[in-house]
Amino acid sequence: MRFTTNIPFTKEIHKDPKPLPRNTQYLLVALAPAYFLFLGLILQPIPEVIQGLISIVLEPDFLITDYVVVGGVGAALVNASLTTLMCLGLMYILKMNIDGTSIAALSLMMGFALFGKNIVNVWSIIFGVFIYAKYHKTHLSNYLYIGFYGTSLSPIITQTAQLGNFPLPIRLLLSLLVGTLIGFAMPPLCAHLYNTHKGFSLYNGGFAAGIIATIIISVFKSFGVELESRKLWATGYNTLFAEVLISFFVILIIAGALSSRNTFRKYMNIQKYPGIGGTDFTFSEGFGPTLVNMGVNGIFTTLYLLVIGADLNGASIGGIFTIVGFSATGKTLRNITPVMLGITLCSLPSSWSITDPSAVLALLFGTTVAPIAGQFGFFAGILAGFIHAAVATNIGIVYGGMNLYNNGFAGGVVASFLVPIFKSIQNRQAKVKGIL
């Protein structure tokens with residue numbers, strides 16, 4: 001297996017383009033949830049949307065709970081849009097700037113609000129991060145994105161609110177307490193666990209959330225709480241969602257092309273980045289090329305699912321949104337393709353099909369290990385994807401589907417295992433060539 005060495009960035013690639021005005025940045029980001037909010041309101045009668053939202057809030061949310069099944073297409077899109085807009089509004093109130101990390105975090109909120117997060121169950125975890133910031137006498141803006149990532153454990157909030165036969169006020173108070181504890185634990189865990197995989201798994205929050213979920217669910221089970229498995233997976237929407245998604249991604253590409261000069265040359269620069277955690281294409285190449293990268297990756301991923309015969313629904317669109325969001329901070333066509341191929345190859349000798357719900361989610365969210373392909377080469381990416389698929393389709397049993405970022409947890413494990421091995425091979429090759 002041949003591994004590439006670090007890619008030498010030129011001075012031009014690191015040039016910091018003039019940023020767009022802050023209000024313009026917020027307007028651009030708000031257009032996405034506004035677009036899907038409009039679609040949600042016209043695809044389903046408003047009374048049904050309202051009833052669907054109520055069902056989404058009350059329904060257990062653990063994997064896999066497709067809100068298209070629970071509340072209908074319109075309610076699912078409206079829930080995702082409102083959740084994202086509320087988070088964006090909180091950022092605006094806190095006077096935060098829009099960057100690659102912002103786009104990634106908001107895209108996660110949008111995507112997972114189609115199958116697990118809702119307008120109610122995310123806030124106690126964000127409140128916990130607020131308490132953490134207060135405790136350390138710092139501003140909430142320093143940890144807000146971690147709070148957004150921590151909402152991967154929102155199903156625990158809904159589940160706690162429905163525990164046993166306790167009076168409703170007691171259950172709600174217990175739910176608030178659990179969410180606050182989760183939010184308080186996320187920042188230090190995220191900081192510590194990043195050093196384990198060194199940024200080669202982009203969903204570091206999912207790695208931390210997986211550990212927290214394992215602890216909480218173990219405590220639940222020790223008190224006799226039984227968690228049922230479920231699979232609510234919508235089918236029959238491929239034509240509708242393909243038209244909606246591809247139209248939106250084409251708009252992103254056009255907007256990116258019109259918003260700056262030399263957009264496509266800078267887009268090609270983006271392809272040269274390994275994509276290790278901490279990368280921010282909006283800073284290094286600008287918003288225009290970043291939007292193009294997001295749109296291209298969105299079209300590629302959507303078409304990939306259609307070609308293999310997978311379903312487009314709330315859950316799989318959540319995965320597409322996640323890839324698109326992280327296309328602002330690490331993912332490129334060059335580094336996601338080998339990972340997706342590796343996951344597809346893993347399905348061939350396995351007992352599961354690539355179109356099975358858990359496999360589709362692994363295919364999409366498994367691109368968390370895309371930096372491995374970016375740093376160590378195409379075949380290393382295929383191997384990482386192959387191993388990730390095997391891990392992701394089995395590891396969720398430890399926390400009963402309560403961590404929405406199951407692939408983030410699996411990706412952290414896979415990266416922590418593979419990266420030291422790949423680095424040792426890379427270093428040996430460098431010594432043979434006399435580079436080190």
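Contact here means heavy atoms within 4.5 Å. In this predicted model, and leaving aside its neighbours within four places in sequence, G277 is in contact with Y194, G199 and L202. The place of G277 is in the loop between α12 (263-270) and α13 (281-284), and with a relative accessible area of 21% this glycine is partly exposed. Although G277 and V296 stand 19 residues apart along the chain, their C-alpha atoms are separated by 20 Å.

## Two domains

The chain is divided into domain 1, which covers residues 22-223, and domain 2, which covers residues 237-433. Their C-alpha centres lie 21 Å apart, and the contact between them takes 55 residues from domain 1 and 58 residues from domain 2.

## The nonpolar cores

The largest nonpolar core has 98 residues, and those with the most contacts inside it are F36, M91, F148 and I372. Both domain 1 (22-223) and domain 2 (237-433) give residues to this core, so the core lies between them. A second, separate core of 29 residues includes L163, M186, A362 and Y399.

What surrounds M91, leaving aside its neighbours within four places in sequence? The residues in contact with M91 are R22, Y26, M96, I98, S102, L106, L144, Y145 and F148; of these, F148 is also named among the residues with the most contacts inside the largest core.

## Helices α11 and α15

Two packed helices are described by the angle between their axes and the distance between the axes. Helix α11 (residues 238-259) and helix α15 (residues 314-325) pack at an angle of about 10 degrees, with their axes 12 Å apart. Because angles under 35 degrees count as roughly parallel, α11 is roughly parallel to α15.

On the α11 side, the contact is made by F241, L245, F249 and L252, while α15 brings I317, I320, F321 and V324 to it. The residues of this contact divide into 8 nonpolar, no polar and no charged.

T332 lies in the loop between α15 and α16, the latter helix covering residues 333-347. Is T332 buried or exposed? With a relative accessible area of 0%, T332 is buried, since buried means under 20% relative accessible area. Leaving aside its neighbours within four places in sequence, T332 is in contact with I270, Q271, F281, N293 and N297.

Most residues other than glycine have a negative phi, and most peptide bonds are trans. Against that background, the peptide bond from L63 to I64 is cis, with omega near -5 degrees, and the place of I64 is in the loop between α2 (46-58) and α3 (67-71).

Two lysines have a positive phi. For K137, a residue other than glycine, phi is near 55 degrees; K137 is found in the loop between α6 (123-135) and α7 (144-150), where this lysine is exposed, with a relative accessible area of 77%. K198, which is likewise not a glycine, has a positive phi of about 60 degrees. K198 is found in the loop between α9 (168-197) and α10 (204-222), and with a relative accessible area of 44% K198 is partly exposed.

Key: Residues are numbered from 1 along each chain as its sequence is written. This is a predicted model: local features need pLDDT of at least 70, side-chain atom pairs count only at pLDDT 80 or more; totals for chains, interfaces and linings use all residues. Side-chain values use heavy atoms; hydrogens and water are left out. Axes are lines fitted to C-alpha atoms, for helices over the stretch in contact, and angles run from 0 to 180 degrees between N-to-C directions. Helices (H or I, at least four residues) and strands (E, at least two) are DSSP runs, numbered from the N terminus. Angles under 35 degrees count as roughly parallel, over 145 as roughly antiparallel, 65 to 115 as roughly perpendicular and the rest as oblique. Ala, Val, Leu, Ile, Met, Phe, Trp, Tyr, Cys and Pro count as nonpolar, Asp, Glu, Lys and Arg as charged, and the others, Gly among them, as polar. A nonpolar core is a set of buried Ala, Val, Leu, Ile, Met, Phe, Trp, Tyr and Cys residues joined through side-chain atoms within 4.5 Å. Buried means under 20% relative accessible area, exposed over 50%, partly exposed in between (1.4 Å probe, protein chains only). Domain bounds come from an automatic or database domain assignment.
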